[in-house]
Amino acid sequence: MSSAERAAGPQSEGFKIRWGDLAPFIALAMIVLLGVLINSNFMSGNNILNVMTRSAFIAIIGVGATFVIATGGLDLSVGSMMAFVTGIMIMAMNAMAPAIGVWAIPAGALVALVVGSLCGLMNGMIITVGRIEPFIVTLGTMGIFRAFITFMSDGGSLSIDRSLRSAYRPVYFGDFLGIPYPVLITIVIALVGAFLLYRTKYGRRVTAVGSNADVARFSGVHVGRVRTLAFVIQGFCVAVAAICYVPRLGAATPTTGQLWELQVITAVVIGGTLLRGGKAHIWGTVAGALILEIIANVMVLSDMVSEYLVAAVQGAIIIIAMLAHRFTKAR
Amino acid sequence: MKTRHQGVATLSAAVVAGLLAATAAQAQDKEFTIAVSIPAATHGWTGGVVYHAQEAEKQLEAAFPNIDVIVSTASSATAQVSSLEDLSATNELDALVILPFTSEELTGPVEQVASNGTFITVVDRGLADPSIQDLYVAGDNIAVGANTAKWLVDKLGGEGEIVVLRGIPTVIDDERIKGFRDVIDETDIEILDIQYANWNQDEAFTLMQDYLARYPNIDAVWANDDDMLLGVLEAVDEAGRDDIKYALGGNGMKQVIEMVKAGDERTPISTPYPPSMIASAMYMTAAQFAGQAPMRGSFKLDAPLITPENADQFYFPDSPF
């Protein structure tokens with residue numbers, strides 16, 4: 001019930017600074033500060049741009065996950081789905097390249113967006129029509145997508161046609177006015193996501209369904225449709241991430257996107273979205289993705305920890321960030 | 001309802017009878033059954049293992065009509081134990097060729113199979129109790145590290161600064177790193193940094209970007225595996241860093257062998273840890289039954305440097321790895 005009250009809160013909060021919402025950004029600032037203190041190279045333009053570009057994947061998928069989690073769902077299949085969509089896109093591009101040359105790139109990207117959305121639709125339909133827990137359904141599709149990419153690549157790697165490589169490379173490595181394209185794409189996706197979530201009827205329904213599905217149903221909200229659409233948005237975001245990902249290494253392998261689902265969920269939760277649904281925070285998710293990437297970066301730039309313990313420190317920092325979050329919200 | 005039930009019953013009876021007839025026919029002209037249990041294709045190297053196992057199966061069955069080869073893949077140690085149980089429950093196994101997921105967990109189950117009198121060939125990772133195996137075929141991980149290191153020491157004139165990328169914490173990784181370190185420690189070459197990238201292209205790309213940000217000068221990189229090497233090269237090229245004279249991997253991945261063949265300046269060599277060792281093991285096991293060639297003992301594949309001159313011997317264009 002407390003989540004329902006919280007979701008109904010906006011009118012009472014007015015212009016007050018909401019510390020709870022700022023928590024992820026405070027945590028981000030602290031980790032950046034830590035980085036600066038540890039190594040002077042941390043703030044070098046190249047390093048910062050690299051880290052921001054890399055975090056784009058988790059951030060973009062995270063925007064979609066914010067919708068799913070806000071409705072009270074969970075999608076464990078995103079990492080495998082990313083690999084699967086990447087594989088389909090590469091195969092489509094390679095098939096079209098001889099006929100239409102570099103136009104195969106936008107055409108392949110379109111294929112990816114369609115396939116990604118369909119994957120999301122499939123997850124959503126099984127969950128809502130079949131009335132099965134999202135956790136179980138996406139655990140199943142996680143295995144299915146992972147097996148498909150392994151099958152498609154014969155257990156090796158599926159590379160993009162050489163003739164397309166140089167034309168496609170800038171999508172990951174290029175920039176506009178000094179800002180890398182993946183970062184720009186993240187900003188656009190987050191802006192669209194924020195608009196959808198905070199300014200449309202659909203967005204209000206997302207949090208309403210997540211707070212209390214029964215109340216939402218009695219108020220005339222088509223709960224199944226809202227949930228399904230959240231998974232479609234998730235699938236679309238996965239495809240956008242795949243489009244940014246392919247030019248990076250030019251290949252999909254059975255390990256592509258492995259364990260990303262956990263990173264995505266971590267980013268969303270660090271960002272202030274409630275895991276049980278009802279409260280969503282798009283920009284917090286983006287900050288969460290940055291936090292995860294920067295922690296890893298700072299660990300490599302520091303000498304203090306044995307290579308065997310890096311993961312332990314990363315885990316501890318995530319827990320500390322969540323505790324800090326809890327305490328700022330309690331105020 | 002009744003008729004449908006009867007229909008189903010007749011149909012299944014027919015299917016079962018057909019299957020029995022088929023197996024009976026098979027059993028008549030196949031005298032020996034060799035089961036091959038390997039990890040599923042979850043990354044490049046195991047993808048290569050699966051490919052070479054399947055190729056060897058075809059070749060062996062064509063060459064020796066009296067030998068039946070069954071290849072079974074498993075996605076985890078537990079799954080491999082189950083598949084061993086299934087294989088030995090449903091077949092009279094004359095031999096088992098196994099590439100164990102993990103040494104400790106598979107030792108008991110393989111011992112169980114051996115107790116039926118099955119000939120046991122262990123590949124790559126050893127079992128905790130070597131007395132179970134009749135034949136052991138493996139690559140030399142220490143040599144993979146050491147031979148790469150020796151080449152590097154020679155090229156760098158015994159001094160310089162390098163970074164290393166590790167795989168997944170396993171015996172294989174430990175051995176390669178040990179072989180490499182033991183050689184490097186004798187020289188004035190400094191290992192600036194060493195971190196895990198889990199034999200993953202993506203993580204290697206990320207880690208290399210961080211290394212490049214941190215160290216203004218790096219003379220060489222050793223990635224311990226060719227999958228990771230590809231990620232490393234991408235990061236180095238993108239940063240436009242020309243201080244890196246050599247970037248080396250190991251394993252004999254197809255793309256990297258192509259680079260060696262083409263005389264690439266930065267990656268002029270590789271070190272094999274060939275997934276085709278599964279095929280070597282299968283052939284040797286078959287010889288035990290088909291030929292007059294008793295096969296007992298340990299067989300360690302060498303890890304000679306792959307150079308432009310001999311690269312053809314290590315190049316399998318049809319393999320996914």
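Chain A has 331 residues and a radius of gyration of 20 Å, which agrees with the value near 20 Å for a compact globule of that length. That radius is taken over C-alpha atoms, and the globule rule is 2.2 Å times the number of residues to the power 0.38.

A word on the ground rules: this is a predicted model, in which local features need pLDDT of at least 70 and side-chain atom pairs count only at pLDDT 80 or more, while totals for chains, interfaces and linings use all residues. Residues are numbered from 1 along each chain as its sequence is written, chains are lettered from A and ligands numbered from 1 in the order in which they are written, and side-chain values use heavy atoms, leaving out hydrogens and water.

**Chain A as a whole**

Along its principal axes, the C-alpha trace of chain A spans about 60 × 55 × 40 Å. You will find 16 helices and four strands in chain A; these are DSSP runs numbered from the N terminus, with helices being H or I of at least four residues and strands E of at least two. Of the contacts in chain A with a separation of 6 or more, 79% join residues 24 or more positions apart, a contact being heavy atoms within 4.5 Å.

Buried residues make up 54% of chain A. Here buried means under 20% relative accessible area, exposed over 50%, and partly exposed in between (1.4 Å probe, protein chains only). Chain A exposes about 14800 Å², with carbon and sulfur atoms supplying 70% of it; the areas come from the Shrake-Rupley method with a 1.4 Å probe, and for residues only the protein chains shown count as cover.

**Cysteines**

With a disulfide defined as a pair of cysteine sulfur atoms within 2.5 Å, the count over all chains is zero.

| Cysteine | Nearest cysteine sulfur | Distance |
|---|---|---|
| Cys119(A) | Cys237(A) | 14 Å |
| Cys244(A) | Cys237(A) | 11 Å |

Cys119(A) counts as buried because its relative accessibility is 6%. Cys244(A) is buried too, with a relative accessible area of 0%.

**A residue in chain B**

Turn now to Val236(B), which sits in helix α8 (residues 226-239) of chain B. Its relative accessibility is 1%, so Val236(B) counts as buried. Leaving aside residues up to four places away in sequence, Val236(B) touches Met208(B), Leu212(B), Arg241(B), Ile244(B) and Arg266(B). Leu152(B) is 84 residues from Val236(B) in sequence, and their C-alpha atoms are 18 Å apart in space.
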